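Take a look at the chain below. Then read on for a short tour of its contacts, its rings and its surface.

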Amino acid sequence: MGRLGHWLIGVMAGGVLPSAVWAQERVPDWGWGMHPIWWMWGAWGIGMMLVMLAFWVLVIVGIVLGIRWLVGAGRASGPDRAVEILRERYARGEISREEFEARKRDLV
């Protein structure tokens, strides 16, 4: 590295270092001791957090209900067990036709 390289490094260091030091010495003036985020959002920040929480709760509940619906849709609804028992009792002769029809109307 020659004289030109050393000179360029010196110029860059001389131009960059003072600006870096100047940037560190600045004290932010937020006025009345308030942070700029609080000034900009205020109480809306809390409201936005609650809305975001409600949004994610709805998304998760929707996913769970969707999965339950998909899993339940694959099941075939079988015959009603109570009606089957009633038919078996009628077939064995334990109940009369009138009693069978009356109980079947109650169940269905």
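The side chains of Arg92 and Glu94 meet in a salt bridge, with N and O 2.9 Å apart. A salt bridge here is a side-chain nitrogen of Lys or Arg within 4 Å of a carboxyl oxygen of Asp or Glu. The two side chains also make a polar contact, at 2.9 Å. A polar contact is a pair of N or O atoms within 3.5 Å; within protein, one must be able to donate a hydrogen and the other to accept it, and residues adjacent in sequence count only if both atoms are side-chain atoms.

Arg92 is exposed, at 54% relative accessibility. Glu94 is partly exposed, at 45%. The cut-offs are simple: buried means under 20% relative accessible area, exposed means over 50%, and partly exposed lies in between (1.4 Å probe, protein chains only).

Arg92 belongs to helix 4. Gly93 follows helix 4, and its phi is positive, near 85 degrees.

## How the model was read

This is a predicted model: local features need pLDDT of at least 70, side-chain atom pairs count only at pLDDT 80 or more, and totals for chains, interfaces and linings use all residues. Residues are numbered from 1 along each chain as its sequence is written, and side-chain values use heavy atoms, with hydrogens and water left out.

## The overall fold

How many helices and strands does the protein chain have? There are 5 helices and 0 strands. Along the sequence, the pattern reads α-α-α-α-α. Helices (H or I, at least four residues) and strands (E, at least two) are DSSP runs, numbered from the N terminus.

Helix 4 has 12 residues. From its first C-alpha to its last, helix 4 reaches 17 Å, close to the 16 Å expected at 1.5 Å a residue. That expected span is 1.5 Å times one less than the number of residues.

Arg103 is partly exposed, with a relative accessible area of 34%. Glu99 is partly exposed too, at 29%.

Salt bridges that share partners join Arg81, Glu84 and Glu88 into one network. Within it, Arg81 bridges to Glu88, and the closest N and O atoms are 4.0 Å apart. Arg81 is partly exposed at 48% relative accessibility. Glu88 is partly exposed at 36%.

## Two aromatic pairs

A search of the whole structure finds 2 aromatic pairs. Phe55 and Trp56 form an edge-to-face pair, 5.1 Å centre to centre, with 75 degrees between the planes. Rings of Phe, Tyr and Trp (its six-membered ring) pair if their centres lie within 6.5 Å; planes under 30 degrees apart count as stacked, over 60 as edge-to-face and the rest as tilted. Phe55 is partly exposed, with a relative accessible area of 43%. Trp56 is partly exposed as well, at 46%.

Tyr90 and Phe100 form a stacked pair, 4.8 Å centre to centre, with 20 degrees between the planes. This pair links distant parts of the chain: Tyr90 sits in helix 4 (residues 81–92) and Phe100 in helix 5 (residues 97–107), 10 residues apart. Phe100 counts as buried, at 8%.

## The surface

The accessible surface of the protein chain comes to about 10000 Å², and 69% of it belongs to carbon and sulfur atoms. Accessible areas come from the Shrake-Rupley method with a 1.4 Å probe; for residues, only the protein chains shown count as cover. Buried residues make up 5% of the 108 residues in the chain.

Ile46, Met49, Leu50, Leu53, Val57, Val61 and Leu65 form a nonpolar patch on the surface, with about 690 Å² of accessible area together. Patches are made of residues with over 30% relative accessible area and no salt bridge: like charges are joined within 9 Å, nonpolar side chains (Val, Leu, Ile, Met, Phe, Trp, Tyr) within 5 Å. Ile46 is found in helix 3 (residues 44–73). Ile46 is partly exposed, with a relative accessible area of 48%.
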